[in-house]
Amino acid sequence: MSTAAQAIHHEEHHQSFFERWFMSTNHKDIGTLYLLFSFLMLFVGGSFAMLMRAELFEPGMQLMQPYFFNEISAMHGLVMIFGVIMPAFVGLANWMIPLQIGAPDMALPRLNNLSFWILPFAFILLLSTFFMPGGAPAAGWTMYPPLVLQGGDSVAFMIFAIHLMGISSILGSINIIATILNLRAPGLDLLKMPMFCWSWLITSFLVIAVMPVLAGAVTMMLFDRFFGTNFFNAAAGGDPVMYQHVFWFFGHPEVYIMILPAFGIISEIVPTFARKPLFGYKAMVYAIACIAFLSFIVWSHHMFTVGIPLGGEVFFMFSTMLIAVPTGVKIFNWVATMWRGSMSFELPMLWAIGFIVLFSIGGFSGVMMALVPADFQYYGTYFIVAHFHYVLVGGALFSIIGAVYYWLPKWSGHMYSTFWGKLHFWSSVISVNVLFFPQQFLGFAGMPRRIPDYNVAFADWNAVSSIGGFWFGATQLIFVGLVIHCVFFSKQKAASRAWEHAYGLEWTLPSPAPHHSFTVPPVVDDSQLAHGDVSH
Amino acid sequence: VRRTVISNSNTISAIHGLTFNKNMLRTNEAISAETPKPDLADTELARRKAGARRTAWIIGGIAAFFFIASLVQGHFVGIPH
């Protein structure tokens with residue numbers, strides 16, 4: 001045993017609870033912390049959603065004041081994006097990237113600890129704004145000035161919270177890039193890496209490029225609000241539309257930050273349960289890189305109605321439609337991987353197929369709103385709400401849940417209840433459609449988003465959507481029970497290779513994965529990679 | 001002291017003529033006098049971690065550039081001249 005391994009072995013047996021969970025530098029522990037945090041935030045953000053759907057269950061004002069509705073709708077977006085989807089993917093990256101590339105840990109373990117522990121403080125700051133005079137910021141997650149600047153002093157807390165979230169994401173991404181580029185096991189070339197690692201490598205570069213831009217935008221807003229500058233103040237010669245440009249230069253790549261890791265997860269799950277190597281591995285890598293590049297040149301499609309020149313609108317329309325090409329490559333390759341495979345439908349595969357179907361629905365409506373004339377109709381309606389929830393719930397969240405079902409046996413060493421898992425899946429996949437499909441009808445009919453009350457003409461589909469919302473929310477309690485039972489009470493042990501055709505370095509380790517793994521670099525066998533031998 | 005070196009090319013003939021020579025054994029003193037060599041795996045890991053720190057600083061620099069660039073852009077576009 002190497003001296004480093006001896007030291008690690010020694011350390012492992014002398015960690016108190018506090019040292020292990022608060023001062024941890026172990027990638028598995030920090031990954032677990034990220035996942036638990038995002039799970040907690042899912043229920044915080046989800047409770048805001050339940051409140052909104054309760055208010056929207058029927059026309060008229062029932063439960064809350066309109067301003068409070070605006071507060072929870074803004075906070076719902078911020079919590080779900082920065083507190084649920086992003087940390088969940090970072091948690092999965094922390095757990096799986098070192099295992100998949102044969103590294104002993106993340107490259108910068110103490111930085112990893114810092115990245116995580118910034119987050120709880122950021123969200124305490126953000127959520128504490130509910131209890132401040134004037135209430136929480138209520139101008140939507142996009143925080144457009146001048147509306148957001150009319151809020152109270154809580155604006156400063158929101159901005160500082162966003163700075164902290166940004167720092168956390170940037171440090172996490174630096175760590176992921178440094179780990180993947182420097183700590184891969186000998187013989188594991190970049191173009192032999194698992195797709196999940198590839199998706200996160202590219203996502204990390206997106207984070208590095210755009211989170212500082214969001215930080216710049218909210219810094220200017222802070223100066224406008226408290227230090228007398230006029231970056232976005234039209235009355236003093238500033239330009240509020242500039243905020244929208246800067247924000248969406250961040251905001252559109254942010255959409256891909258929330259979906260590219262999902263592509264990686266689906267590319268891991270589908271070959272396992274189709275019992276075939278991934279179809280078109282290199283094409284999948286290039287497609288992700290292509291989507292990442294295109295994400296930087298499409299931002300103004302969020303602003304078609306703001307009044308940009310016709311040439312600009314045409315450019316952003318075509319560049320946006322172009323994204324459908326690499327995305328189509330990915331969908332095609334997943335289906336081609338399944339084609340004539342010896343498929344079985346264990347839980348991760350169900351969630352992966354659910355992802356492909358629901359994400360495609362969300363993607364198609366995205367192509368619809370890329371068309372400038374059509375977008376003038378859709379802009380600011382519930383059609384947009386339906387679109388991004390299909391992509392983020394049916395897409396990102398489904399992939400995260402699928403990933404948990406796929407790797408939970410590796411993490412916990414136990415198998416879970418298939419019955420409750422299937423109940424969770426079918427209940428989720430039906431309720432999510434009951435929740436969001438009617439919102440497309442409402443959007444077509446012209447119901448505006450971000451309103452607490454509406455015309456009686458929209459009553460029926462809103463009631464259906466609310467029922468779907470409560471159903472989907474309640475269904476996730478099954479997931480909580482299933483995970484707790486699997487980790488603490490399940491008696492069914494998981495094998496090292498928990499799934500029959502699961503390939504990749506993580507499956508060469510025992511289940512549960514030991515606290516310290518790959519202290520000696522593993523030997524990489526090309527034929528044992530999830531995407532098969534791609535060296536020829 | 002003359003050392004017997006057995007190379008791959010003359011291994012067979014050397015083995016045939018080999019007789020025990022006390023100079024072929026390393027004494028405890030000789031072993032202690034040798035410079036200790038670190039574990040190869042540890043050295044390699046340390047080298048890679050140093051590379052990772054360099055990568056981290058470079059990527060951090062890129063992030064800082066984007067932050068400053070957004071402020072500069074805000075300065076020239078947003079502030080009236």
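Me: What's the accessible surface of chain B, and what share belongs to carbon and sulfur atoms?
Reply: About 6,700 Å², with 64% on carbon and sulfur atoms. Accessible areas come from the Shrake-Rupley method with a 1.4 Å probe, and for residues only the protein chains shown count as cover. This is a predicted model, where local features need pLDDT of at least 70 and side-chain atom pairs need 80 or more, while totals for chains, interfaces and linings use all residues. Residues are numbered from 1 along each chain as written, chains are lettered from A and ligands numbered from 1 in written order, and side-chain values use heavy atoms, without hydrogens and water.

Me: How many of chain B's residues count as buried?
Reply: 14% of the 81; buried means under 20% relative accessible area (1.4 Å probe, protein chains only).

Me: And how many helices and strands in chain B?
Reply: Three helices and zero strands, running α-α-α from the N terminus. Helices (H or I, at least four residues) and strands (E, at least two) are DSSP runs, numbered from the N terminus.

Me: New topic: how many residues of chain B are in contact with chain A?
Reply: 25 residues of chain B, meeting 34 of chain A; contact means heavy atoms within 4.5 Å.

Me: How much area do they bury between them?
Reply: About 2,300 Å², 74% of it on carbon and sulfur atoms. That's the accessible area (1.4 Å probe) that two parts lose on being put together, summed over both.

Me: Which three residues of chain B supply more of its buried area than any other three?
Reply: R48(B), I59(B) and F66(B), with 22% of what chain B buries against chain A.

Terms used. Buried < 20%, exposed > 50% of the residue type's maximum accessible area, 1.4 Å probe, protein only.
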